[in-house]
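Hi,

Here is the structure we talked about. Please open it first, then read the notes below.

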Amino acid sequence: MSAIFDFSSLMTVMLLFICTCTYVRGMRQSIFDDPSQQQQSQDPRRRRRGIRGVCWKASRVGERVSPYVAVALLGMSLHILFF
């Protein structure tokens with residue numbers, strides 16, 4: 001079954017995406033910033049578009065809401081292992 005139609009699989013994919021983006025951004029701080037837009041626009045909403053914008057937002061969620069993400073990961077891992 002596709003991960004889109006199964007709620008637990010969808011949550012697992014979303015949590016792994018958040019954790020991956022947070023890890024990658026921790027290794028390279030400016031990886032999700034668009035280099036052509038950095039000097040032109042100071043408005044952060046204009047720089048965060050496309051797939052880089054989605055990854056940047058996911059990494060921010062992972063950084064700022066990390067205790068809740070950790071609890072959700074723990075819950076999903078227990079669900080996958082035992083149910």
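How many salt bridges does the count come to? The count comes to two salt bridges. Keep in mind that this is a predicted model. I will start with the overall layout and then return to those two pairs.

**Overall layout**

The protein has five helices and zero strands. Along the sequence, the pattern reads α-α-α-α-α. There are 83 residues, and 22% of them count as buried. Now take the contacts between residues at least 6 apart in sequence: 57% of these join residues at least 24 apart. The accessible surface comes to about 6300 Å². Carbon and sulfur atoms account for 65% of that surface.

Helix α1 runs over residues 7–27, which is 21 residues. From first C-alpha to last it reaches 30 Å, close to the 30 Å expected at 1.5 Å a residue. Its buried residues are T12, L15, I18, C21 and R25. The cover over them includes α4 (50–64) and α5 (66–82).

Helix α4 has 15 residues.

**The core**

Which residues make up the largest nonpolar core? There are nine: L15, I18, C21, F32, C55, W56, A58, V69 and M76. Three helices, α1, α4 and α5, are the elements that give two or more residues to this core. Look at C55 as a way in. Setting aside neighbours within four places in sequence, C55 is in contact with F17, C21 and F32.

**The salt bridges**

Back to the two pairs. In one, the side chains of E63 and R25 meet at 3.0 Å, N to O. E63 sits in helix α4 and R25 in helix α1, so this pair ties together parts that are 38 residues apart in sequence. Is R25 buried or exposed? R25 is buried, because its relative accessible area is 10% and the cut-off for buried is under 20%. E63 counts as partly exposed, at 31% relative accessibility.

In the other pair, the side chains of R60 and E63 meet, again at 3.0 Å, N to O. R60 and E63 are three residues apart in helix α4, so about one helical turn separates them. R60 counts as partly exposed, at 25% relative accessibility. Salt bridges that share partners join R25, R60 and E63 into one network.

**A patch on the surface**

Now turn to the outside. L74, L78, L81, F82 and F83 make a nonpolar surface patch of about 660 Å². L74 lies in helix α5. Why does L74 count as exposed? The relative accessible area of L74 is 54%, and exposed means over 50%, so L74 passes the cut-off.

**Where to look**

Find C55 and its contacts F17, C21 and F32. Then find R25, R60 and E63, the salt-bridge network. Finish at the nonpolar patch, where L74 is one of the residues.

Best wishes

Terms used:
Residues are numbered from 1 along each chain as its sequence is written. This is a predicted model: local features need pLDDT of at least 70, side-chain atom pairs count only at pLDDT 80 or more; totals for chains, interfaces and linings use all residues. Side-chain values use heavy atoms; hydrogens and water are left out. Helices (H or I, at least four residues) and strands (E, at least two) are DSSP runs, numbered from the N terminus. The expected span of a helix is 1.5 Å times one less than its number of residues. Buried means under 20% relative accessible area, exposed over 50%, partly exposed in between (1.4 Å probe, protein chains only). Contact means heavy atoms within 4.5 Å. Patches are made of residues with over 30% relative accessible area and no salt bridge: like charges are joined within 9 Å, nonpolar side chains (Val, Leu, Ile, Met, Phe, Trp, Tyr) within 5 Å. Accessible areas come from the Shrake-Rupley method with a 1.4 Å probe; for residues, only the protein chains shown count as cover. A salt bridge is a side-chain nitrogen of Lys or Arg within 4 Å of a carboxyl oxygen of Asp or Glu. A nonpolar core is a set of buried Ala, Val, Leu, Ile, Met, Phe, Trp, Tyr and Cys residues joined through side-chain atoms within 4.5 Å.
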